[in-house]
Amino acid sequence: SYNFRSINDFLANRARTFDAVQPGSDTSRRLRQPVFGFFVQDDWQARNNITVNLGLRYEPSGDITEVDGKLAQLIDFANARATMADATIVDAVVKNPSLKNVAPRVGFAWDVGGKGKTAVRGGAGVFYDLITANTNFVQNTAVRVPPFFVRSRLSGSSSLIINFPDAYFTQAALLGGTAQLEGIQYEPEQPTMVKWNLNVQRELWDRTSLEIGYTGTRGYNLFRQIFTNGREAVEIDGRLVVPPGTPLRQRNFGRMRLRVSDAESWYNGLTIGVTRRATNLQIQTSYTLGKSEDTGASALGGNDYENEGGGSRYLFMKDKGLSPFDVRHSLVASVNWELPFGRTGTGAAAAVVRHWSVGTLIRLRSGAPFSVDTGGLERGGQPDAPDYPDVCPGANPNPVLGGPAQYFDPRAFCLQPAGVIGNAPRNSVIGPGTATVDLMLARSLELGAQRSLQLRIELFNVLNRANFALPTSAIFNANGTYRADAGRITRTVGTPRQMQLGLKLVW
């Protein structure tokens, strides 16, 4: 596969990178793993209006093995002299960290006053994210390790022009010395989440209730991806700087991706909801104010999230920032109303107007965050890792302007000196939000014997609102000038206005 920085580079035959799997590589793996779950739970009626829920779960997983013994790991990723011959054939992908996975849970429900008007509910528990054979990054690290598999990469530069489309044949000798390696921490910690919640529900009047709730989670030992074959930096005046001529840490390899279980996460969310459930009218509205942060969310690579390439900017550095799935504001409202016309009348007019219902669904949410990058210039001297620029002095790291032509101001970011690790925060720019309104009109025809035929007319995105995707996050051209398309949005998400007709038989 060939990668180009831009259409112009493609037309000029300037490939950024070229990846190729070497002949004889074997991608076939038959992974096996037993997983067990045991639990005990009980409900304790502490008082007439208080119920306590208690639970304990034990969920160990067995080793991830391969039927034909085709598993290998470079266990010592820090060994600067490592070669492909140092990859060790192993019996399991990782050493099993789950044998102590004892997870307690507790919850309660309190009918305040004992009249069924106010309820307080809460709970907390420990949850484990098992390392299983069907996880994508586990499958990657079970396949892409020598001696059973060798993949190489060439990086284009002024001194190396990649021969597109014949590099596999004309530059095979260069490919031989750039073997890539996927890896996973051989003795990982157990990924763990602690979750807790508390909510209060109050009946405002008949069939109408208000609910206010808080949810929190804290994650430990979560997997993230890092690039370990970078260049060592030194700290100068509080900045990480790679001295000129510094070689890669592992000169016998090209790209080296390691999954390590040292990431953390934090989430806090406030939810407010109003519900109305009458015989012919149902209304439900929910608003969530939340914030999710972590020190790395991508474990597979660039395919985990569209708005995060994966990996820290410098070796094992933890890069705390907004999670790529962070949504600060979210509002969902729905209404379904069975029209009251013709219920008691007789004759043709009543038959025409009765049994109609109308509904709507409104969804509003703020945008997801993303990081800006230099455009692959590797100013920080870390091949393959995210290459963040600097925030210009006095500039806002979230310089949103709005509009698709230039959603954010690229000149809020500056190209740092060569060899300097950029200081732009991870996921600092908030992307465009989305809003949709759907409508539904339905008519039920009673067929007798509790059977009915429903005709539905549904309109999706009835306002035909254009919901924009993320803008171009690359800031600079190869010569260090600002790209003309930096911050430009070139596509939408979701669908334009759509209408569909349907028949539904209910019996």
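## A buried asparagine

Asn 461 is buried, with a relative accessible area of 3%; buried means under 20%, exposed over 50% and partly exposed in between, using a 1.4 Å probe and protein chains only. Phi of Asn 461 is near 50°, a positive value in a residue other than glycine. You can find Asn 461 in the loop between strand 27 and strand 28 (467-468).

Before we go on, note that this is a predicted model, in which local features need pLDDT of at least 70, side-chain atom pairs count only at pLDDT 80 or more, and totals for chains, interfaces and linings use all residues. Residues are numbered from 1 along each chain as its sequence is written, and side-chain values use heavy atoms, leaving out hydrogens and water.

## The whole chain

How many helices and strands does the chain have? There are five helices and 30 strands; these are DSSP runs numbered from the N terminus, with helices being H or I of at least four residues and strands E of at least two. Of the 507 residues, 41% count as buried. The C-alpha atoms fill a box of roughly 90 × 55 × 50 Å along the principal axes.

Now look at who touches whom, where a contact means heavy atoms within 4.5 Å. Among contacts between residues at least 6 apart in sequence, 73% join residues at least 24 apart.

## Strand 26 and its partners

Strand 26 (residues 434-448) pairs with strand 21 (residues 356-365) in the antiparallel sense over ten bridges; two strands pair if DSSP finds at least two bridges between them. In this pairing, Gly 359 stands opposite Met 440 of strand 26.

Strand 26 also pairs with strand 27 (residues 451-460), again in the antiparallel sense, over nine bridges. Here Arg 443 stands opposite Leu 455 in strand 27. The hairpin of strands 26 and 27 has two residues between the strands, and Ala 449 takes a positive phi near 55° there. In a regular strand the side chains alternate between the two faces of the sheet.

## Loops worth a look

Which peptide bond ending at Pro 147 is cis? The bond from Pro 146 to Pro 147 is, with omega near 10°, and Pro 147 lies in the loop between helix 2 (136-143) and strand 11 (151-155). The bond from Phe 164 to Pro 165 is cis too, with omega near 5°. Pro 165 sits in the loop between strand 11 and helix 3 (167-170).

Finally, visit Asp 384, in the loop between strand 22 (369-370) and strand 23 (390-391). Asp 384 has a positive phi of about 75° although it is not a glycine, and at 27% relative accessibility Asp 384 counts as partly exposed.
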